[in-house]
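Subject: Structure handover

Hello,

Here is the structure I promised to pass on to you. Please open it alongside this note.

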Amino acid sequence: MTTAVNETGQDRKAPGRPRSAQADEAILDAVLEMLSGGQSVAAISIEAVASRAGVGKATIYRRWPNKEALIIDAVASMKGPLPVPAGESVRDDLVMLLKASRTGRSLRFGQATVCLMPEFLKDEGLHQMWRAVMEPRRDVMRQVLRRGVASGELRADLDVELSLLMLNGPSMMQNTFQWNLAVPTEGFAEALVDAFLRGAAA
């Protein structure tokens, strides 16, 4: 598990042979398609992933040490690279970060995250791996909030960790579950940030 948390599929290299980006994408997409289709982590096998992706098992094992690491990397691939805030306006940065969670891959494979949630409750190791993937993204928003406090844009007594929940929770519920159909998708990130700032602004 430690290896899986500290290494992502983007970092591992095949010994003596160049990586194939096309093979990587096919493997990760195969995992996401299986998860989106409702298959549990236990039901997914390296053999099944290899067959769906059109590669050999050895190709997968050269890239990932075990199934859990592969699954976490597949879900992390939906998020894309870490967003980089412009650093000029707390509001603009928060809106950008919330919008960045809705990538083309995340919309295509959104059900994968839903299907993994029960797995996190059953498997603490898998949950810890997912937290390790998500923490750098949370930290980007955390730094924006701390910068806002330091610059005087946000309240000096702002609870940064609670603010992270207040911003990310509704965003996840709407993006993943379309929790409230009465809330329009267009302009959602802006409306959420503005509602938050009404209480958080200095």
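Predicted model: local features only at pLDDT ≥ 70, side-chain atom pairs only at ≥ 80, totals over all residues.

Residues are numbered from 1 along each chain as its sequence is written, and side-chain values use heavy atoms, with hydrogens and water left out.

**The largest pocket**

The volume of the largest pocket is about 1400 Å³. (On a 1 Å grid over the protein atoms alone, a pocket is an open set of points where a 1.4 Å probe fits, with protein on both sides within 12 Å along at least five of seven lines; lining residues have an atom within 4 Å of a point.) Its lining takes in 47 residues, and Lys79, Ser101, Asn168, Ser171 and Met172 lie nearest the centre. Two or more lining residues come from each of α6 (90-100), α7 (104-108), α8 (110-122), α9 (124-151), α10 and α11 (188-200). Helix α10 gives the most, with 10 residues. (Helices are DSSP runs of H or I, at least four residues, numbered from the N terminus.) By class, the lining has 22 nonpolar, 15 polar and 10 charged residues.

**A nonpolar patch**

Met166 also sits in α10, which covers residues 160-177. Together with Leu162 and Leu165, Met166 makes a nonpolar surface patch with about 300 Å² of accessible area. (Such patches join nonpolar side chains within 5 Å, using residues with over 30% relative accessible area and no salt bridge; areas are Shrake-Rupley values with a 1.4 Å probe.) Met166 counts as partly exposed because its relative accessibility is 43% (buried is under 20%, exposed over 50%, partly exposed in between).

**Salt bridges**

There are 13 salt bridges in the structure (a side-chain nitrogen of Lys or Arg within 4 Å of a carboxyl oxygen of Asp or Glu). What does Arg142 pair with? Glu135 is one partner, at 2.8 Å from N to O, and Asp139 is another, at 3.0 Å. Asp139 and Arg142 are 3 residues apart in helix α9, about one turn. Through shared partners, Glu135, Arg138, Asp139, Arg142 and Glu161 are joined into one network. Arg142 is buried, at 8% relative accessibility, whereas Glu135 is partly exposed at 30%.

Elsewhere, Asp92 pairs with Arg91, with 3.8 Å between the closest N and O atoms.

Best wishes

Technical notes:
Patch = residues over 30% accessible without salt bridge, like charges linked within 9 Å, V, L, I, M, F, W, Y side chains within 5 Å. Buried < 20%, exposed > 50% of the residue type's maximum accessible area, 1.4 Å probe, protein only. Points joined across faces, edges and corners; volume = space filled by probe spheres on them. Nonpolar A, V, L, I, M, F, W, Y, C, P; charged D, E, K, R; others polar.
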